[in-house]
Amino acid sequence: MEDINSITDLTDENDSTITAIEPGAGVTNSAQNAVKEYDNLSDWEVSVSSTGAMIAELDQAINNEEDIVVVGWKPHWMFMDYDLKMLDDPENVFGGYEEIHSYAREGLKEDNPEAYKIIDNFYWEVEDMSSVMEELATDVEPEEAADNWIEANRETVDGWLE
């Protein structure tokens, strides 16, 4: 799907189907809104199932070199395992980028300056989150996945401690 860069470029790929996840999920609702909002998707359907089923269909389509349109979000490990691209959404049906902010209770800076410093300096990229999520998807325990990320990103973590 090299020539597809925007939702507006879609014509009849994947039998005019968007493969979604669980009913009621935000991205599923957005996909259902997209077929109403975009004229070129008026004949499309949103296939609703589960995250696992969507990933299985994605894997099968990629292995068979077939077109597929799925709902996706970052961070998610699927972007590390597969060569995927997010389509432009000129109508902003799927919303814009989100941010993560750190909050601490009042008085933490005085009570525990070391913890406050880490929270205040903490920052990581979507790729960092995705790499931890990828390990979690392979049944690595959360503490081990965190330790592995810290080990691989020691310089970043040391910067949080400065």
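**Questions about a predicted model**

Tutor: Welcome! This model is predicted. Let us begin with glutamate 141, which sits in the loop between α7 (126-137) and α8 (142-152).

Student: What makes the surface patch with Glu141 negative?

Tutor: Its members are Asp139, Glu141, Glu143, Glu144, Asp147 and Glu151.

Student: Why is the pair of threonine 11 and aspartate 12 called a polar contact?

Tutor: Their side chains come to 3.3 Å. The limit for such a pair of N or O atoms is 3.5 Å, and neighbours in sequence count if both atoms are side-chain atoms, so the pair qualifies.

Student: What makes asparagine 14 and aspartate 15 worth a look?

Tutor: Most residues other than glycine have a negative phi. Asparagine 14, in helix α1, has a positive phi of about 50 degrees although it is not a glycine. Aspartate 15, also placed in helix α1, has a positive phi too, near 55 degrees.

Student: Which peptide bond is cis, with omega near 10 degrees?

Tutor: That is the bond from lysine 74 to proline 75. Most peptide bonds are trans. Proline 75 is found in the loop between β3 (69-70) and α4 (78-81).

Technical notes:
Residues numbered from 1 in each chain as written. Predicted model: local features only at pLDDT ≥ 70, side-chain atom pairs only at ≥ 80, totals over all residues. Heavy atoms only, no water. Patch = residues over 30% accessible without salt bridge, like charges linked within 9 Å, V, L, I, M, F, W, Y side chains within 5 Å. Areas by Shrake-Rupley, 256 points an atom, 1.4 Å probe, with all protein chains shown as cover. Salt bridge = Lys/Arg side-chain N within 4 Å of Asp/Glu carboxyl O. Lys, Arg positive; Asp, Glu negative; His and termini not counted. Charge placed at Lys NZ, Arg CZ, Asp CG, Glu CD. Helix = DSSP H or I, 4+ residues; strand = E, 2+ residues; numbered from the N terminus. Polar contact = N/O pair within 3.5 Å; in protein donor to acceptor, adjacent residues only side chain to side chain.
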